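Colleague: Can you walk me through this one? I'm new to it.

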Amino acid sequence: MGLVIYNSLTNKMEEFVPQNGNKVNMYVCGPTVYNYIHIGNARPVIFYDMMRRYLKFLGYDVTYASNITDVDDKIIKKALEQNKTEKEIATFYENAYFDSVKEVGSTKPDLIPHATDYIGEMITFIQELIEKGYAYNVDGDVFFRVSKISDYGCLSNQVTEDLESGARISVDSKKESPLDFALWKKTDEGIKWDSPFGEGRPGWHTECVVMNHKLFGTGLDIHGGGMDLKFPHHENEIAQFEALYKTHLAKYWIHVGRLDLAGEKMSKSLGNVIYVKDLENKRDGMILRSLILFSPYRSIISYSEDLKNQYVKEYDKWQRAYKQALYTLQYENKLTDKVNDSDIEKFKEYMNQDFNVQNVLTLVNDIVKEINTNLRSKNYLETAIKLNTFKTIFDVLGINLFVEKMNDEALDAYTKWMEARNNKDFETADIYRNKLIEWKIL
Ligand SMILES: [Zn+2]
């Protein structure tokens, strides 16, 4: 059995079979660039990056797209406040976003579509929806006619009647039904484009669906995003796609849970936001990455100092074991490219169970223990195999321990330190020992 994932669309565990052989197309909703990202926003950034790495590790040819929403009311508002253009605001926060992406050890997506590069396509798309009766124009605002989609609510598992009664009484009396959503917004303020419906800008749900279709057509395998995007954002993407292309937008929907601060939602209005940019160093980024990756991905993470400290301890333990083993093996000239096949099989078995990261964490810690035991008993061959297995797993997870092999100068000092110790020349040993401490080798 290969990879099994929980499909949010069917609410079932399903074997992962991409639509087109070995190729995997994945799209993850990216940020609206009007502010820095906080550690909760970093959760999908970390999870889907790991997923891409794992799919590649399994041998898939992955194309990972994640968009930048660079036109939105919040960007327009910030631009007005700061007396800047929307473009300036969006570019600034997009750069800050990718700094944070790097900070938590993720790599950039293969494709980064920007909403403002697809305005023409969005206008054509909306026009087609109007022509086919799926959308209507009221004084320059265009809305999607939800009643035309019979299985609306399929992703969030709700029926239209319940959604309607749950929807807030709309102050926007222009809409035929409270569930109808905006495809095109008439705007008086800020950036706007000319269109057959009048001046305005596209709605967020339309942006994502148009970019998706432009990049992948009907061949999207995985659509991802935070759990909070399921409704209405993803539901509305599905509805528009179905209206024009008569098929489902994506085969698998994967949603990651929220990260809350010890029980409460992190939000600017509550003043309890921890921004990724404020993490002190690269190590903090990796501690956050470990904490997020080793938590079951669909559950809410309740972030606290205690939880963080638990991963500080884990990380330091991994780093210490890795460092000691690597330097000893390098000195003994016993490093290897071999891995322990049975450990790697176990790793795959756990990951294939809808990313059972808790079992992976146990496996990793067992391997680390074995590295320490074998190193102590000078069983270098076994230490080297386990060390390389450990590294292989951490490379797939994208957890960097920031330990490199010693350079020639350091190896020379290390050798002299060992020789002096063996000759019981403690004075000389101390000189080299201090050097090695200074270079953070010891
Ligand atoms: Zn989206």
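Colleague: Which way does H9 cross H11?
Modeller: H9 passes H11 in a left-handed crossing. Left-handed means the near helix is turned anticlockwise from the far one by less than a right angle; clockwise is right-handed. Helices (H or I, at least four residues) and strands (E, at least two) are DSSP runs numbered from the N terminus. This is a predicted model: local features need pLDDT of at least 70, side-chain atom pairs count only at pLDDT 80 or more, and totals for chains, interfaces and linings use all residues. Residues are numbered from 1 along each chain as its sequence is written.

Colleague: Which residues of H9 meet H11?
Modeller: Lys317, Trp318, Ala321, Gln324, Ala325 and Thr328. In H11 they meet Val368, Ile371, Asn372 and Leu375. Contact means C-beta atoms, placed from the backbone, within 7 Å.

Colleague: New topic. What is the strand order in the open sheet of 4 strands?
Modeller: E4-E3-E9-E10, with parallel pairing. Strands pair if DSSP finds at least two bridges between them.

Colleague: Which strands stand at the edges?
Modeller: Strand E4 (61–66) and strand E10 (252–256). Each has a single partner strand, so one side of each lacks a neighbour in the sheet.

Colleague: How many bridges join E9 to E10?
Modeller: 5, with E9 covering residues 222–226. Gly226 stands opposite Val256 in E10.

Colleague: And E1 with E2, parallel or antiparallel?
Modeller: Antiparallel, over 4 bridges. E1 is residues 4–7 and E2 is residues 12–15. Ile5 has Glu14 as its bridge partner in E2.

Colleague: What about Asn11 in that hairpin?
Modeller: Asn11 takes a positive phi near 55°. The hairpin has 4 residues between the strands.

Terms used:
Two residues are in contact if their C-beta atoms, placed from the backbone, lie within 7 Å.
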